[in-house]
Amino acid sequence: MASKLILTLDGEIIKEYVIDKESITIGRKHENDIQLNDLTVSGRHALIINSTENTIVEDLGSTNGTLVNGNHIVQAVLQHGNVIQVGHHLFTFMNDEKAAYEPTMFVKAEIDETQIVLPDWDMNQEAVNMRGQPLGGLRKVHDPLGNGGIEMRKRFSTIGYQGKKLAQITRGDKGYTISGLDHSENRRISDMPLINGHKLSNEARPLSEKDVISIAGIEMEFYYIE
C-alpha cells in the first residue's frame with residue numbers, strides 16, 4: 001500500500017493524500033499538487049520526494065520555513081508518524097508499507113494555537129502477543145462527539161504535543177505502564193504531562209483503568225476494551 005499524508009487544520013482532519021507519484025509540491029499557488037489557502041504559506045513552499053527507499057520532505061526556500069516534529073528543516077527523511085508543519089497546516093506522514101495503520105487521535109486544545117496529541121508507534125517493535133490479557137486504549141475525556149478511542153496494541157507508544165514526545169506508554173506482560181520523557185525545550189509549565197492531576201515522573205508507573213493523562217490541557221482517559 002502507498003504511504004499517505006493526513007492534512008489537519010485546527011485539529012480537524014481536512015483531507016488524506018496518497019503519495020502515489022515521484023514528487024508532490026505544496027504551496028499557496030494553484031499549480032501545486034496540494035494547494036493551501038494560507039497567507040503564511042509561500043507560493044511554492046515544500047516538496048515531497050517519493051522513491052523506492054525513502055520519502056523525503058524538502059523546504060523550497062519558503063518565507064516561514066517547513067518544520068518536521070517542531071524543528072525547521074531544509075530536507076528530511078520522513079518516518080511513520082512524523083508531523084510536517086507548513087504554515088498553519090499540519091501533515092501527518094503514514095507509512096503503510098512499514099507498519100499497519102493505527103487510528104490517530106487529532107485534538108485541539110483550548111489555547112491559542114493548533115495542537116496535536118498523536119500516538120507515535122515504535123516501528124522497531126512487533127505487536128505484543130498477550131493472549132488472555134485485556135487490551136487497553138486511550139479516549140478523550142468529555143468528548144461530546146463520542147469519537148471512540150485508540151487501541152494500544154503495540155509494545156511502545158508515545159504521546160506528544162506539536163511534535164514533541166512527552167510521555168511513553170509501555171505494554172508488558174503485567175499490563176500497561178506510563179512514564180514521562182525529558183523535553184523541557186520551549187515548554188510551558190502548563191504543557192507538562194500530568195497523571196490524575198499530578199506531574200508525571202520519568203519512572204514508570206502502572207496504568208489503571210480511568211487514569212487521566214493530561215497534556216497541554218487535553219485530557220485522555222485510559223480504559224480497557226471489552
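This is a predicted model: local features need pLDDT of at least 70, side-chain atom pairs count only at pLDDT 80 or more; totals for chains, interfaces and linings use all residues.
## The whole chain

How many helices and strands does the protein chain have? The count comes to zero helices and 22 strands. Of the 226 residues in the chain, 48% are buried. The chain exposes about 12300 Å², and carbon and sulfur atoms supply 46% of that area. If you take the contacts between residues at least 6 apart in sequence, 47% of them join residues at least 24 apart.

## Charged pairs

Back to lysine 4. Side chains of opposite charge can pair when their charged atoms come close. This structure holds four salt bridges. One of them joins lysine 4 to glutamate 16, with the closest N and O atoms 3.4 Å apart. Lysine 4 sits in strand β1 and glutamate 16 in strand β2 (residues 12–18), so this pair links distant parts of the chain, twelve residues apart.

Another salt bridge is formed by arginine 139 and glutamate 221, whose closest N and O atoms are 3.0 Å apart. Arginine 139 belongs to strand β13 (residues 135–140) and glutamate 221 to strand β22 (residues 218–225), so their pairing ties together parts that are 82 residues apart in sequence. Aspartate 211 and arginine 205 make a salt bridge too, and here the closest N and O atoms are 3.4 Å apart.

| Residue | Relative accessible area | Class |
|---|---|---|
| Glutamate 16 | 43% | partly exposed |
| Arginine 139 | 32% | partly exposed |
| Glutamate 221 | 18% | buried |
| Aspartate 211 | 8% | buried |
| Arginine 205 | 29% | partly exposed |

In soluble globular proteins, nonpolar side chains tend to be buried together. Here, the largest nonpolar core has 20 residues, and the ones with the most contacts inside it are Leu5, Ile48, Ile84 and Phe91. Which strands supply at least two residues each to this core? They are β1 (4–9), β3 (23–27), β5 (46–50), β10 (83–86) and β11 (89–94).

Setting aside its neighbours within four places in sequence, isoleucine 84 touches residues including Leu5, Ile48, Val57, Leu67, Val68, Leu78 and Phe91. Its contacts also include Thr66 and His89.

Strands of a sheet pair through backbone hydrogen bonds, either parallel or antiparallel. In this model, five strands form an open sheet with mixed pairing, in the order β4-β3-β5-β6-β9. At its edges stand β4 (34–35) and β9 (75–77); each has a single partner strand, so one side of each has no neighbour in the sheet. Further in, β3 and β5 pair in the antiparallel sense over four bridges. Which residue in β5 is the bridge partner of serine 23? It's isoleucine 49.

## Two loop residues with positive phi

Most residues other than glycine have a negative phi, and most peptide bonds are trans. Asparagine 69 isn't a glycine, yet it has a positive phi of about 55°. You'll find asparagine 69 in the loop between β7 (66–68) and β8 (71–73). Its relative accessibility is 23%, so asparagine 69 counts as partly exposed.

Lysine 210, another residue that isn't a glycine, has a positive phi near 80°. This lysine is found in the loop between β20 (205–206) and β21. Lysine 210 is exposed, with a relative accessible area of 62%.

## Valine 212

Step into strand β21 (residues 212–215) and you reach valine 212. With 22% relative accessibility, valine 212 is partly exposed. Valine 212 and asparagine 196 are 16 residues apart in sequence, but 5.1 Å apart in space from C-alpha to C-alpha. What else is in contact with valine 212, leaving aside its neighbours within four places in sequence? Besides Asn196, the contacts are Val141, Leu194, Ile195, Glu219, Met220 and Glu221.

Notes: Residues are numbered from 1 along each chain as its sequence is written. Side-chain values use heavy atoms; hydrogens and water are left out. A nonpolar core is a set of buried Ala, Val, Leu, Ile, Met, Phe, Trp, Tyr and Cys residues joined through side-chain atoms within 4.5 Å. Buried means under 20% relative accessible area, exposed over 50%, partly exposed in between (1.4 Å probe, protein chains only). Contact means heavy atoms within 4.5 Å. A salt bridge is a side-chain nitrogen of Lys or Arg within 4 Å of a carboxyl oxygen of Asp or Glu. Two strands pair if DSSP finds at least two bridges between them. Accessible areas come from the Shrake-Rupley method with a 1.4 Å probe; for residues, only the protein chains shown count as cover.
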